[in-house]
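Please view the sequence and the structure together before reading on.

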Amino acid sequence: MKNLFKGFGIVAGIGIAVSILMAIAMLTCKEAYTSTAGQYISQIVSSIALFGLSAWIGIKVIEKESVVHLTGLDKGLSRKTWIMLVGLAIAELPAVLFVEEWNENITLPQTFAGVEVWLKMMEEQANAMMEMFINSDSILRLILNVIVLAAIPAMIEELMFRGWIQRNLCKITNHHTAIWVTAFIFSAIHMQFYGFVPRMLLGAVLGYAYFYTKSLWGSIIIHFVNNTLAVIGGWLAYKGVMDEEMNVQAPIALASLAISITMIYYVYKYNHTEKTEK
């Protein structure tokens with residue numbers, strides 16, 4: 001528990017430092033900062049500094065352990081596990097999209113009208129930034145988006161949330177509680193209320209994948225595939241190849257949920273059996 005409090009202190013400190021640096025950049029070179037290139041750089045730097053550096057300091061300095069070894073990054077996954085994880089990332093998507101549509105339609109009581117306005121403003125800003133990244137016909141831009149919006153977050157965020165927070169929570173509580181608390185924090189820190197529940201569900205899937213494979217690659221694979229599908233979907237929607245809004249029907253969402261739970265079970269079963277045999 002003490003390590004977690006120290007870790008959150010590190011995150012808060014780095015977060016404040018990054019915010020100050022970005023504010024200075026905004027004031028001193030506004031045009032460069034608000035340009036597309038400036039936003040790409042800001043996205044990369046803030047992600048690596050806030051999540052990657054925090055997790056690295058937490059593991060290397062506080063726990064005094066090897067980041068690669070402690071998070072299971074040095075553990076290879078079997079081809080069958082890779083296939084199951086990619087399949088899981090695809091299978092859970094309709095259920096997540098269904099919950100996302102429900103979450104977007106939540107209306108807060110009139111008492112919280114001011115809060116709702118603020119939440120919607122935050123959501124609009126996040127959507128505007130995402131559109132700035134994705135709205136392009138260029139294949140090279142699509143590849144850049146896959147790197148910046150899918151690959152980097154998948155590795156950096158998983159190192160922070162599953163490799164640092166969840167792993168430490170597992171030391172003080174059962175793994176189910178640790179996974180869901182981490183998923184809650186994972187979703188909350190993105191500051192997007194109208195995507196909170198689906199992101200938390202995704203966080204839980206990532207948590208179980210990491211716990212059952214004992215390797216951070218387990219959650220990184222799913223995170224990367226999920227983000228990549230979102231990036232490609234946004235790009236295809238911009239080009240008019242597919243609809244921007246995907247209305248998932250309840251039966252499909254239920255089937256998606258059932259298949260996802262089954263696949264999580266088989267990821268656990270296969271890796272548990274494989275470990276027992278060794």
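Valine 96 lies in helix H6, residues 93-104; helices are DSSP runs (H or I) of at least four residues, numbered from the N terminus. The model is predicted, so local features need pLDDT of at least 70 and side-chain atom pairs count only at pLDDT 80 or more, while totals for chains, interfaces and linings use all residues. Residues are numbered from 1 along each chain as its sequence is written, and side-chain values use heavy atoms, with hydrogens and water left out.

**Valine 96**
- Valine 96 has a relative accessible area of 13% and is therefore buried (under 20% relative accessible area, 1.4 Å probe, protein chains only).
- Its C-alpha atom is separated by 9.8 Å from that of glycine 195, which is 99 residues away along the chain.

**The nonpolar cores**
- The largest nonpolar core has 48 residues; such a core is a set of buried Ala, Val, Leu, Ile, Met, Phe, Trp, Tyr and Cys residues joined through side-chain atoms within 4.5 Å.
- The residues with the most contacts inside this core are Leu85, Met160, Trp164 and Ile222.
- Elements giving two or more residues to this core include helix H1 (2-28), helix H8 (139-169) and helix H12 (250-277).
- H10 contributes the most to this core, with ten residues.
- Another core, of ten residues, lies apart from the largest one, and among its members are Phe133, Ile134, Val148 and Ala150.

**Methionine 160**
- Leaving aside neighbours within four places in sequence, methionine 160 is in contact (heavy atoms within 4.5 Å) with Val11, Phe51, Ser54, Ala55 and Ile165.

Technical notes
Buried means under 20% relative accessible area, exposed over 50%, partly exposed in between (1.4 Å probe, protein chains only).
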